[in-house]
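Have the sequence and the 3D view at hand as you read.

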Amino acid sequence: MLFAVPIGGGIPAGVILAKSRGIGWLAMSALYLISDLLLAIVFEPMMFVILWLARHLPFLQRTIDISRDITAKTIARYGAKPGPIVLIMIAFGVDPMTGRAAALSQGHGFFGGWAIAIAGDMLFFWVVMSSTLFLNNLLGDGTWAAVIIMVLMILIPTLVRKWKDRNQPV
């Protein structure tokens with residue numbers, strides 16, 4: 001269940017819980033993949049219902065337009081027509097729903113778009129899982145390992161963005 005939490009904090013906690021129950025990394029990966037497949041089944045219809053509702057609700061249409069602008073700006077950094085690898089890295093760096101939206105904006109249908117989004121999310125899972133397991137083995141305490149990984153998941157992207165902003169030419 002923790003892998004179904006739509007924020008990254010569920011991963012370290014889920015990994016520690018799974019490890020304490022004797023579940024290996026391969027089984028954890030399969031469980032996480034199942035959570036991603038369930039996300040695709042739930043999120044895709046919701047995305048299209050929201051798009052349909054936006055035709056009738058101006059405030060929702062403005063929200064979608066803002067989201068499209070943000071997605072377009074994210075994708076624009078990688079060229080006019082980013083390929084699957086770039087889209088996978090967007091899903092890796094943000095989340096699978098954003099990865100799916102980016103893939104959809106580039107013309108990828110349900111299966112191809114979700115394959116891209118899930119590939120990026122699985123890469124993210126493996127990085128966080130292996131980091132959590134390593135830290136747990138090092139510290140011998142799953143709670144602290146999960147807390148430290150969750151804090152790092154918040155701090156590292158923030159620090160990278162600040163560093164990038166500071167080093168950008170004016």
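At what angle do H1 and H7 pack, and how far apart are their axes? In this predicted model, the angle between H1 and H7 is about 160°, and their axes are 8 Å apart. That makes H1 roughly antiparallel to H7, because angles over 145 degrees count that way.

## The contact of H1 with H7

The crossing of H1 and H7 is right-handed. On the H1 side, the residues in contact are Pro 12, Ala 13 and Ile 16. Their counterparts in H7 are Gly 142, Ala 145, Ala 146, Ile 149, Met 150 and Met 153. Sorted by class, this contact has eight nonpolar residues, one polar residue and no charged ones.

## H1 and its surroundings

Helix H1 covers residues 10-20, and its buried residues are Gly 10, Ile 11, Pro 12, Gly 14, Val 15, Ile 16 and Ala 18. These buried residues pack against three helices: H2 (25-54), H6 (110-139) and H7 (142-167). After H1 comes Gly 22, with a positive phi near 80°.

## The contact of H2 with H3

H2 and H3 pack with their axes 8 Å apart, at an angle of about 125°. The two helices are therefore oblique to each other, and their crossing is left-handed.

From H2, Ile 50, Leu 51, Leu 53 and Ala 54 take part in the contact. They meet Leu 60, Gln 61, Ile 64 and Arg 68 in H3. By class, the residues of this contact are six nonpolar, one polar and one charged.

## A glycine between H3 and H4

One more stop is Gly 83, which sits in the loop between helix H3 (58-76) and helix H4 (84-93). Is Gly 83 buried, partly exposed or exposed? Its relative accessibility is 28%, so Gly 83 counts as partly exposed. Gly 83 and Val 147 are 64 residues apart in sequence, and their C-alpha atoms are 35 Å apart in space.

Definitions and conventions: Residues numbered from 1 in each chain as written. Predicted model: local features only at pLDDT ≥ 70, side-chain atom pairs only at ≥ 80, totals over all residues. Heavy atoms only, no water. Buried < 20%, exposed > 50% of the residue type's maximum accessible area, 1.4 Å probe, protein only. Helix = DSSP H or I, 4+ residues; strand = E, 2+ residues; numbered from the N terminus. Contact = heavy atoms within 4.5 Å. Axes fitted to C-alpha atoms, helices over the stretch in contact; angles between N-to-C directions. Parallel < 35°, antiparallel > 145°, perpendicular 65-115°, else oblique. Left-handed = near helix turned anticlockwise from the far one by under 90°. Nonpolar A, V, L, I, M, F, W, Y, C, P; charged D, E, K, R; others polar.
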